Structure formats: structure tokens, C-alpha cells
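Visitor: I have a structure open and some questions about it. Can we go through them one at a time?
Guide: Go ahead.

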Amino acid sequence: MKYLKLLAFLIVFTSCKKEVLKDITIQEDVEFLADDALEGRQTGTEGEQKAANYIADRFKSLGLQPKGTEGYFQRFSFKPKTDPHQEVNYTVKDGDSTITATNVIGFIDNKAEHTVIIGAHYDHLGYGAEGSLYRGDSTQIHNGADDNASGVAVLLNLAKKLQDKNINNNYLFITFSGEEMGLLGSNYYTKNPTISNDKANYMINMDMVGRLKADSTLAVYGVGTSPIFKQTLKAHNNRFKLVQKESGVGPSDHTSFYNVDIPVLHFFTGQHEDYHKPTDDTERLHFNGMQVISNYIFNIITDLDNNGKLPFRKTKNESEDAPRFKVVLGVIPDYMFDGKGMRIDGISEDKSAQKAGLQKGDIVVKLGDVEVTDMMSYMMALSTFEKGQSTKVVVKRGDDLVEADITF
């Protein structure tokens, strides 16, 4: 197995051949982390710890200093939430429900006043923990190659690039656990930082950066959290079709840092049919695209290195404006689509859309009586329906308009 070969390679060379390990590629890092032998890296499991050990060894091989509370590790114990609105309990007593998780933290110390934080979560869903969208055999491993072995692999690639390159900031690399359970690792870190939050310059987060599409669409969230971000992103972009979002709040670990007034940028190549399913495997990733994204982020970091401590700016939480709805269409929207309508990027099994004959690539232009021009108007239309109601949906399929009957 590729996992065993790379593990043997690490055991032999970690202590004495750092320069050889620096040549490990983005693809090899993903292959290790998304191998069946890690059993989906669910928080608190043996597979998660194997991944943590691997990342710590990679940090060591790259010359990063340990910056956890136990070498490279920052362990935290918690009891899972029974109410999604309650605060997680990090104050733990003995009990079967206690889970111990591990953040992995490495540091490049340039003796600078401020530190750039670069993060990515490495945990996933194991054999299909809460959040899985798979409805088949419960013994199927969710390897999470895109979500988020891809982000960790790009983080490791950036750590290699940033050694001895920039000197006006220090660099703290954190791979978080517990993200899939509610941003637990990043939340814990910001409450228990190993470098003062006051010394943090800004934070870059990468979550699902392994599926760059043919049109090179790249989403960047948090561009409004510091006034210099937009111009810097534009200055170094000669490849991507950027979809920029102002808000520093979103469903990934950058949110924890925004909440303690640190500017953030979050990079994302979009959802897909394999999201939170066993089919999110290594062979489906776009490794050349991941390298291009790594180079782009490196250029952004290098540019920002000469700008001192970046000012922080509060942004509007765009999710607060989203309408609430009681039904779903049963599709994966293409959040990066910037044309008219809502493009379908995937169809969920045995849901309304599949039963109505909708297809991946269809663009919803009308739902009921509402013209759908973008994601917000689609959600507004959806919010008007109750379970059991029926309506008509119109989609653009190629050059044709197709009408179908939908029952929610």
C-alpha cells in the first residue's frame, strides 16, 4: 500500500535525512492522509492520531519548531454537544463520552514581531459520522481526500516554500482536529493560543482546495476583513476566476480567528457530488491545480510580508441574511457559478430533484412563481414551500429550457 511505503520512508529518514523529505509532493501527502489505513481520520480515533503523527513528522522534516503544548501537539478533551446551540464543554470529567483530539502546530521563527497563521483541518468523518451524506453501507470509509487532506497538503507545501524566504513575519502552521464536529480545534486554539493572539498578523485557511474546475474558479472568503486583501488578491491573479466573499464568518476554521479580531482569508475550490461521501478519494483530485493554488497563496503572503501588521475590519455576516427553509430540492448547488440562475453541481440520491429528472449541470432559472437569478433568489424561492407541496421548476439544460414537476 502507498500508506505503508510512505510510512516506512518517514521512519527511516525523519531523524537524519531532512533534505530528502522536503521533496515529498502534494500528491504523496494526500495519498497518505486519505489512505484507507487511517480509516477516515475521525476526531479522537486511532486514525486521527496516525494522521497527527504523520503531520508532526513532516513538520520536523521541514525544520519547523514545535509550538504545541506537548511538542508539536496541542491536545484537548471535550464532551460532544447534545444541543447544537450550546457551548462545547472543554472542562472534562472522567466519562465514556469524553473525546480527546489533537491539533498539530509547527513554527518558523524569523524573530519578527508578528506571526502569520496558516491553517487547515485534517479530521474527517471516519466510517460515516454525523454529517455524512452517504446512505449506503455503513462500513464505507470516508477518506476525505478533498475534505481536507487537500488543505493539509497545500499547507505542508507552503511550509516548505516559506522556509528562509520571508523575514518580516513569523509563520505558525496549525492543522486542526474537530472541525467536522463544529470548528472545535480552531476554537480551542484561539482560547488557548501558543502564541498570543495579539501577535497574530492574519490567518489563512484552506479547506477543500483539491477540485479546481476547468474554468479555474477559486472562492476566497474574508476579503473584507482587512482593507489590503482585495488589491493583493488581484495583483497576483493571472489564472483564477475569483469569487470573493467579504464575510469573515463561514463553515470552516477561519471563523474562529475572525471572532478574535484577526483578519482572515479562506480558500475553497467548491463543493461536489463526493462531498462527505466515501467517494471523496485521492484519484479525483486536481493536483496541478493544488500546486497553482499553493503558488498563488505564497505570492500573496510574500506581498503582504512587507505591509506590517494588517488592520482588522469587521464584516457583515452574510449568512444572517439567508432565508430559512423547511424543504430541500436535493441538489448540491454550484456556489461558484456567477451566471444567471443556480447551477446544479450534484444530485442527491432519492430526493426531489432526482425524482423529477433534474441533472448535474442544469441551471435552475425558475422555481414556482419565482425567477431564479442567483443563489439568494433560489433560497428565497425555496423558503416559500412546505413539505408535501408541489410546484414546477424550470431549468436551462444546454440551449434548452426544461420544465419538471417537483414534490418536496
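Visitor: Over which residues does pLDDT stay under 50?
Guide: In this predicted model, pLDDT (the predictor's confidence in each residue, from 0 to 100) stays under 50 over residues 11-22. For residues 11-22 the model has 15 contacts beyond four places in sequence, a contact being heavy atoms within 4.5 Å. Where pLDDT is low, the predicted coordinates should not be read in detail.

Visitor: And what does the chain average?
Guide: The average pLDDT is 89, and 90% of the residues score at least 70.

Visitor: What are the ground rules for the numbers?
Guide: Residues are numbered from 1 along each chain as its sequence is written, and side-chain values use heavy atoms, with hydrogens and water left out. As this is a predicted model, local features need pLDDT of at least 70 and side-chain atom pairs count only at pLDDT 80 or more, while totals for chains, interfaces and linings use all residues.

Visitor: Helix 3 next. Is it mostly covered or mostly open?
Guide: Mostly covered: six of the eight residues of helix 3 are buried, meaning under 20% relative accessible area, with exposed over 50% and partly exposed in between (1.4 Å probe, protein chains only). The buried ones are Ile26, Asp29, Val30, Glu31, Phe32 and Leu33. Helices here are DSSP runs of H or I of at least four residues, and strands are runs of E of at least two, numbered from the N terminus.

Visitor: At what angle do helix 3 and helix 5 pack?
Guide: About 135°, with the axes 9 Å apart. Axes are lines fitted to C-alpha atoms, for helices over the stretch in contact, and angles run from 0 to 180 degrees between N-to-C directions. That makes helix 3 oblique to helix 5; under 35 degrees counts as roughly parallel, over 145 as roughly antiparallel, 65 to 115 as roughly perpendicular and the rest as oblique.

Visitor: Which residues make that contact?
Guide: Helix 3 contributes Ile26, Asp29, Val30 and Leu33. From helix 5 come Ala145, Ala149, Ser150, Val152, Ala153, Leu156 and Asn157. The residues of this contact divide into eight nonpolar, two polar and one charged. Ala, Val, Leu, Ile, Met, Phe, Trp, Tyr, Cys and Pro count as nonpolar, Asp, Glu, Lys and Arg as charged, and the others, Gly among them, as polar.

Visitor: How do the axes of helix 3 and helix 9 cross?
Guide: They come within 10 Å and cross at roughly 115°, so helix 3 and helix 9 are roughly perpendicular to each other. Ile26, Gln27 and Val30 in helix 3 meet Phe287, Met290 and Gln291 in helix 9. By class, that contact has four nonpolar, two polar and no charged residues.

Visitor: Backbone now. Where is the cis peptide bond?
Guide: Between Asp147 and Asn148, with omega about 5°. Asn148 lies in helix 5, residues 145-162.

Visitor: What about phi of Arg41?
Guide: Phi is near 50°, a positive value in a residue other than glycine. Arg41 sits in the loop between helix 3 (26-33) and helix 4 (46-61), and counts as buried at 1% relative accessibility.

Visitor: And Asp261, what is its phi?
Guide: Near 65°, a positive value in a residue other than glycine. Asp261 is in the loop between helix 8 (254-258) and strand 9 (264-268). With a relative accessible area of 42%, Asp261 is partly exposed.

Visitor: Last one: what does Ser216 touch?
Guide: Arg239, Phe240 and Lys241, not counting residues up to four places away in sequence. Ser216 is in the loop between strand 6 (200-206) and strand 7 (217-221), and is buried at a relative accessible area of 7%.
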